[in-house]
Amino acid sequence: MTVDIHAINAKIEKESEFIDKITTEVGKVIVGQKYMIERLLIGLLSDGHILLEGVPGLAKTMAVKTLSATIKTQFQRIQFTPDLLPADIVGTVIYEQKSGSFSVKKGPIFSNLILSDEINRSPAKVQSALLEAMQERQVTIGEQTFKLPDPFLVLATQNPIEQEGTYPLPEAQVDRFMLKLSIGYPNREEELEIMRRMTRLQTPVAQAVVSPEDILRAKKAVHEVYIDPKIENYIVDIVFATRKPKEYGLDDLSELIAYGASPRASINLSMAARAHAFLRRRGFVTPEDVRSIGLDVLRHRVIVTYEAEAEEITAEEVVRKIINKIEVP
Amino acid sequence: MHELMKALTTGLIIGVFCALALNGQIPDRPNLPQQSGIELKAFVRQNLVPQNRTAEFVIQLSWAGRLDRYDIHAFDNPILQNLEISGSGSANRVSSEAGVPTAIREYTFQLKPQAIGMGYIEPLIILYTDNETQIQYPLSTSRLSIQVIDAIRERHWGKIMAWSAGFLGVAALLVLAVWMMNRKRALALQKEQEIEAVVPIEEQYLAELKRAIDLNDPSLDGNHAFLIISKLLRRFLHEKFAAPGLEATSSELFQYLYEHKFEDVFINNVRDMLTMADLIKFSGKSVDRNDVSLMVTRLESIFHNCLHGALNPLGNR
């Protein structure tokens with residue numbers, strides 16, 4: 001099969017022009033965190049939700065808010081607390097005494113970008129309501145079903161240091177997030193710049209440079225990014241190695257992995273790799289795209305055994321070993 | 001008178017008893033002169049002997065002068081209680097004491113205990129004749145005792161030695177066998193390496209390239225050819241320069257070449273080739289025979305240049 005790669009490349013070049021504008025605008029407010037911003041864009045372009053893990057104060061909320069501002073989209077932040085109810089997220093039907101009828105009051109989920117702060121602070125029923133909406137991209141309030149807006153991106157945060165009084169997300173629900181990001185501290189220079197920028201009288205503000213329509217067109221273009229069967233096989237090899245490490249010469253990992261990644265991992269890795277290639281303004285996927293995004297797609301999908309936990313071996317280390325071992329095409 | 005007769009009778013009876021008693025003390029001793037120029041020593045070397053060991057009873061006769069000055073008569077074995085003779089021997093020697101020659105004759109008996117308790121060696125009479133005067137004299141030993149105690153543990157040194165020798169022998173054989181096997185393996189490896197060394201790695205890769213891609217083949221799959229070229233180049237860099245293997249991406253490989261200060265010309269050449277190969281491999285782009293031919297030529301030139309030293313990728317670092 002011959003692909004008109006020139007045409008694809010030209011289209012991708014055109015549709016990805018806004019990427020630089022977004023990163024420039026976001027860069028006015030957020031110092032560093034290039035990795036996080038890039039992953040947020042990947043999630044946005046490939047319809048994948050993101051779970052962010054990092055200690056407080058790493059500009060997670062600000063990054064999402066700024067990204068939203070650059071795209072002229074609606075942004076909502078939901079602080080998850082133990083007393084939160086599903087209706088507080090999706091909305092409810094209220095009785096209007098004046099008209100004597102019921103009307104729908106939509107919840108904060110009817111936004112383009114949603115930041116679910118500390119998602120593990122709410123009970124399972126609230127988490128389920130959000131995760132169901134993420135999956136179905138529609139919610140039912142009373143007897144009416146409403147489609148959620150497009151683009152629709154949920155960013156949930158978890159604090160890795162406080163586990164008391166939390167409701168850890170079940171593995172099946174964690175699997176619904178396309179990426180799980182581990183956010184680290186900025187380096188010394190970045191910290192200095194953050195301090196200077198945020199202590200000015202007028203803090204910088206990002207301007208809207210992209211319309212939601214641009215994003216929708218870009219999402220369509222991402223689907224057109226060419227992925228060669230060799231790359232597809234490479235992705236499947238990586239995912240299969242999480243399930244049957246012995247078959248890939250990773251005998252030492254077989255005792256450390258309880259459950260490998262699901263087929264959803266293959267789908268998400270393929271989509272995320274396409275989006276990564278799009279961000280690089282390339283019309284085809286290379287092994288670099290897969291390797292760059294592989295850890296973020298797989299780290300929450302591989303469940304390690306008690307033996308691994310006892311030896312303090314994390315799922316991230318296991319995935320890293322797999323990615324470094326599988327031969328690139 | 002009667003009183004006098006009574007005293008004489010009593011005195012006579014006492015005298016007769018005394019004479020009889022004195023005569024009965026050494027009933028076997030011959031009536032011989034008691035003068036002697038010989039010194040007699042009779043002793044046991046160990047007074048305390050375990051039941052499973054032997055004691056040594058020694059009779060030593062020594063006199064001043066020549067050895068043939070006296071003639072020692074043969075005597076019977078000593079009478080023993082709770083002991084038995086397991087061996088005996090005798091020896092003569094002459095030594096000098098303060099310039100005077102002294103003759104020594106020694107008799108030894110190995111005595112084996114019979115039961116735990118006391119063992120005794122009864123007195124022994126030894127007769128000898130003075131060869132100068134031809135007068136015979138007796139000598140007598142004392143009664144000696146030996147205490148027999150519990151047997152001690154036998155060490156069976158013989159068995160231990162035999163086992164040790166056997167074990168050492170087997171170990172030596174094993175070591176020898178392992179050494180011979182290792183040597184055989186080392187020789188085989190050396191031979192293999194010698195054979196490999198004969199064919200340089202560049203030539204091996206050139207031959208492999210020739211086998212894998214036949215430019216004259218009308219059904220040549222250009223896309224597949226690029227895959228082979230890319231793999232061969234990456235494997236070559238891995239084997240020749242310890243660069244990351246096939247599990248690394250092209251950019252990781254370039255990073256390695258930069259970090260290890262390879263020559264810019266070499267890095268650029270490799271980068272061009274691998275970027276081109278990646279484009280062909282992953283973009284689905286059609287490729288014609290000329291592209292493949294050009295790529296094969298470039299790869300061949302890398303192998304040739306490395307082989308003939310025309311290219312020194314590591315520069316002058």
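In the predicted model, strand 6 of chain B and strand 7 of chain B, the latter spanning residues 100-113, are paired in the antiparallel sense over 14 bridges. Within this pairing, B:Ser95 has B:Thr102 of strand 7 of chain B as its bridge partner. The two strands belong to an open sheet of chain B, in which four strands are arranged in the order 1-3-7-6 and the pairing is antiparallel.

Strand 9, which covers residues 125-130 of chain B, runs antiparallel to strand 10, which covers residues 135-140 of chain B, and six bridges join the two. Among the residues paired here, B:Thr129 has B:Gln136 of strand 10 of chain B as its bridge partner, while B:Leu127 is partnered with B:Pro138 in strand 10 of chain B. Strand 9 and strand 10 of chain B form a hairpin with four residues between the strands, and in this hairpin B:Gln134 adopts a positive phi near 60°. Strand 9 of chain B is also joined to strand 4 of chain B (residues 70-72), to which it runs antiparallel, by three bridges.

In chain A, a contact between two helices was examined. The axes of helix 10 (residues 229-243) and helix 12 (residues 287-298) of chain A come within 11 Å of each other and cross at roughly 30°. Because of this angle, helix 10 of chain A is described as roughly parallel to helix 12 of chain A, as angles under 35 degrees are counted in that class. The crossing of helix 10 and helix 12 of chain A is right-handed. On the side of helix 10 of chain A, the contact involves A:Ile231, A:Tyr234, A:Ile235, A:Ile238 and A:Thr242, and these meet A:Pro287, A:Val290, A:Gly294 and A:Leu298 in helix 12 of chain A. When the residues of this contact between helix 10 and helix 12 of chain A are sorted by class, seven are nonpolar and two are polar, and no charged residues are found.

Technical notes. Residues are numbered from 1 along each chain as its sequence is written. Chains are lettered from A and ligands numbered from 1 in the order in which they are written. This is a predicted model: local features need pLDDT of at least 70, side-chain atom pairs count only at pLDDT 80 or more; totals for chains, interfaces and linings use all residues. Two strands pair if DSSP finds at least two bridges between them. Axes are lines fitted to C-alpha atoms, for helices over the stretch in contact, and angles run from 0 to 180 degrees between N-to-C directions. Angles under 35 degrees count as roughly parallel, over 145 as roughly antiparallel, 65 to 115 as roughly perpendicular and the rest as oblique. A crossing is left-handed if the near helix is turned anticlockwise from the far one by less than a right angle, and right-handed if clockwise. Two residues are in contact if their C-beta atoms, placed from the backbone, lie within 7 Å. Ala, Val, Leu, Ile, Met, Phe, Trp, Tyr, Cys and Pro count as nonpolar, Asp, Glu, Lys and Arg as charged, and the others, Gly among them, as polar.
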